[in-house]
Amino acid sequence: MKHPYAITAFQMEFAPLNIKSCVLDCDISQAELARELEQDMGCKVSRVTVNLIINRGYQPKTMGNIRGAIERILLRNETVAAWLKERQFSPADLWKELGEELRQVNPSGAAQRVIKGLCKGPSITLGNPDEINHDNQEVEMVNPEALRHFKLFRDPFRNDVQKAGDIHMDDDRHYIEAAMMDAASYSGFLAVVGEVGCGKSTIRKRVIEQLRAAGDVHIVYPEILDKERVGSGSLCDAIIMSISAEKPKIKHEQKARQVRGLLMERTQNNSRCCLVVEEAHRLSVPAFKTLKQLHEMEDATGYKKLLGIILIGQSELGGLLDERYHPEMREVIRRCQVARINGLQNIGKYVEKKLSAVGGKIENIIDAEALELLGKRLVAKDEQNRTFSTAYPLTVNHYIARAMNLAFEMGEAKVTADVVTAI
């Protein structure tokens, strides 16, 4: 059913008002204006709403006094007051059509827009200069009105993983899972690298659940919050305290012998240990070298490793494990397998799983063209001009939540390609 205020906002012609020239000349961003409107009006106001107001003369039916609120906010700005005085404009003149093409004009004083990619290290170039910056985006919730509009009883993207079955697994994520299981079960040395929100922690939880069910691998977590302070002593202490009731020795050599003896005992009892270090991109070079020495511990035969190691970190970890940039770590790098988590292979299947978990049907909420457009939008290129996907679960969650809120606000029955374009 259509929203009661069915609006064809996206079909309105581009007809910028004088207010657009005002905010451009006075260097006021649409996002900034939207935030101030939220505070003034006490309700959710999106950047896209502000964009439609100043570019197309759109008047939201549910925000009857929004123009008055915009005038109040702008008139508090001394630069705006001077701008109006210079042109002998009254506040009412802000709402007159400008009649000038300003679609691509940037605010005065703003530097050329720089698009940051989701991966740190190699520079990223997005094909469309008007793409929004995915980095540092505040995660948005689907608001209650939008949930009711789409007949959902809760936000499908909040607290959405309660059990292993809630995790979306495509071929790439199954590969990461298998690599982690192998490293834990056969004492491998693995680094799992991925961007914020790509699913590293959820896959790790799924792997640990399987290992605990099997019962033959003991997981060791170093409880050290400041990973930059991790050293040989703290790693040895973590292993000793995790797999035994013994008190760690004081001297370093005694501590190392204690670790080896405890791991040998476990191996003789057909049990293995795996050290899992999260936030591994914050580890120091000496810590990496200690990990390599721990991994080299072997049983009496010299054929079987005593400890598996899994490092989990953001893309900086991949840079640390690149011998071109860190030749001083080559002894570690040449022994460590690196597995990278990529963007989702099929956004539609991922979103369908999330929506179905709360009783929603994807065909009633998002059309196929919108999903296709979103998939094209979440693509970037690295410095070698190679294309890669930035459709990480957290990023997709953020986009779809914003799109659902905007679709409701604009009076659309479901999320369309026009809605995605407007975000």
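Select His 281 and show its neighbours: leaving out residues up to four places away in sequence, His 281 touches Gly 313, Gln 314, Glu 316, Leu 317 and Leu 320, where contact means heavy atoms within 4.5 Å. The model is predicted, so local features need pLDDT of at least 70 and side-chain atom pairs count only at pLDDT 80 or more, while totals for chains, interfaces and linings use all residues. Residues are numbered from 1 along each chain as its sequence is written, and side-chain values use heavy atoms, with hydrogens and water left out.

Stay on His 281 and colour by secondary structure. His 281 sits in the loop that runs between β3 (272–277) and α11 (285–295); helices (H or I, at least four residues) and strands (E, at least two) are DSSP runs, numbered from the N terminus. Is His 281 buried or exposed? His 281 is buried, at 14% relative accessible area; buried means under 20%, exposed over 50% and partly exposed in between, with a 1.4 Å probe and protein chains only.

Next, pick Gln 314. Its backbone nitrogen is 3.1 Å from a polar atom of the His 281 side chain.

Move on to Ser 315, which belongs to helix α12 (residues 315–320). Ser 315 is buried, with a relative accessible area of 12%.

Finally, zoom out to the protein chain, which has 18 helices and seven strands. Of its 423 residues, 49% count as buried.

Notes: A polar contact is a pair of N or O atoms within 3.5 Å; within protein, one must be able to donate a hydrogen and the other to accept it, and residues adjacent in sequence count only if both atoms are side-chain atoms.
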